[in-house]
Amino acid sequence: MSMSNANFPMDPEGRTYHVGIKRGELANRIITVGDPARAIVLSRSLDGVDPATPAKTVPTNLFSHASHRGFLTVTGRYKGTPVSIVAIGMGVSMMDFFVRECRAVVDGPMIMIRLGSCGSLSDAKVGDICVPSSSYLVQRNYDYFADDASSTASPYILSKKFDADPEVTAMLVKNMSAQLGDNHVWKGVNATADSFYSSQGRQDENFIDNNQELFTELVKHEPGTLTLEMETFLLYHLARTSTAAPLKQESRLKQEATSNQHSIRAGACMMVFAQRKSNEFISKEDVVRVEPLAGKAVFDSLVEVSLGEESELHATEGSVWAL
């Protein structure tokens, strides 16, 4: 695959290097998930989908593209509004690829909502939904484990919080409650870890992790900590640091960033897969039950939150949702 521009690689078609999408294939409103199978499940809620479509297949009336780096993009309409679903895999690096490369090929303001899974540090049970209003990063402090490390160093570094968009968060809580009931929807703070194991407090006798007291440290750092997972912090961080939305591609470099104007509005919600206090893990039956209900709540939130004048959004002409 031939690429140009080492600073921001794209192929001759204008496809980004990792996500593999080009202009006209992605809507301004996006659900991002980790698992490609979840993206396919959610795609069945889009307009015009034949119920007879095989369960593991993207419906043929929708646009789909799988990149060589493992990203799957599906674009169609929900209640008449263009929306996309992008499966990204796991971790903050994959979230970075997703946010930056999607922002690069879409004109106008965007809304990105993560629908993922998490571990619960609270009383939220497996199968419940958590909607974090903010998130902080938990990083393994690699210097701590060096031979010359100071005894006063901490094995894990905890960042400051970054907030979700408040309107998006409120809309997610409302719509999740409508689908699953108030008693199954939780609000609070998310902790995003840079690994599934050490920085999420999992015990592994094969390595020195010094994470036995990590849960206590997290709650001390942020008393409202509800969840642990691996992506949300970077979504919130990049939304907060996104610059003013360019209305046309040629004006992108002319826009000046301001402290109170951002082109991306972000939110997130997670299905509790692991109850870390009781050590319970979700059943396949509960995943099958909750996933489509949570997906409908996210789609409803995507289309109910205003992004401004429709004329400011990516043009329908020439896009895959034009028909």
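Predicted model: local features only at pLDDT ≥ 70, side-chain atom pairs only at ≥ 80, totals over all residues.
Okay, let's start with Tyr197, which sits in the loop between strand S9 (185-193) and helix H4 (214-221). Residues are numbered from 1 along each chain as its sequence is written, and side-chain values use heavy atoms, with hydrogens and water left out.

So, back to Tyr197: its relative accessible area is 51%, which makes it exposed. The cut-offs are under 20% relative accessible area for buried, over 50% for exposed, and partly exposed in between, with a 1.4 Å probe and protein chains only. Together with Met90 and Phe196, Tyr197 makes a nonpolar surface patch of about 330 Å². Patches take residues with over 30% relative accessible area and no salt bridge, joining like charges within 9 Å and nonpolar side chains (Val, Leu, Ile, Met, Phe, Trp, Tyr) within 5 Å. The areas are Shrake-Rupley with a 1.4 Å probe, and for residues only the protein chains shown count as cover.

In that loop between S9 and H4 you'll also find Asn210. Asn210 isn't a glycine, yet has a positive phi of about 50°. With a relative accessible area of 33%, Asn210 is partly exposed.

Now to helix H6. How do the axes of H1 and H6 cross? Helix H1 (residues 36-43) and helix H6 (residues 284-304) have axes that come within 9 Å and cross at roughly 70°. Those axes are lines fitted to C-alpha atoms, for helices over the stretch in contact, with angles from 0 to 180 degrees between N-to-C directions. That makes H1 and H6 roughly perpendicular; the scheme is under 35 degrees for roughly parallel, over 145 for roughly antiparallel, 65 to 115 for roughly perpendicular, and oblique for the rest. The crossing is right-handed, meaning the near helix is turned clockwise from the far one by less than a right angle, with anticlockwise being left-handed.

On to charges. The whole structure has 17 salt bridges, each being a side-chain nitrogen of Lys or Arg within 4 Å of a carboxyl oxygen of Asp or Glu. Take Asp300 and Lys79, whose closest N and O atoms are 3.0 Å apart in a salt bridge. Asp300 is in helix H6 and Lys79 in the loop between strand S3 (72-78) and strand S4 (81-87), so this pair ties together parts 221 residues apart in sequence. Asp300 is buried, at 6% relative accessibility, whereas Lys79 is exposed, at 54%. Lys79 also has a positive phi, near 50°, and is not a glycine.

Asp300 has a salt bridge with Lys296 too, again with closest N and O atoms 3.0 Å apart. Both of those lie in H6, four residues apart, about one turn of the helix. Lys296 is partly exposed at 32%.

Then there's Glu304, which meets Lys174 in a salt bridge at 3.3 Å, N to O. That one links H6 with helix H3 (residues 166-180), where Lys174 sits, across 130 residues. Both partners are partly exposed, Lys174 at 45% and Glu304 at 37%.

Last one: Glu13, Arg15, Lys22 and Glu25 are linked in a salt-bridge network.

How values were computed
Helix = DSSP H or I, 4+ residues; strand = E, 2+ residues; numbered from the N terminus.
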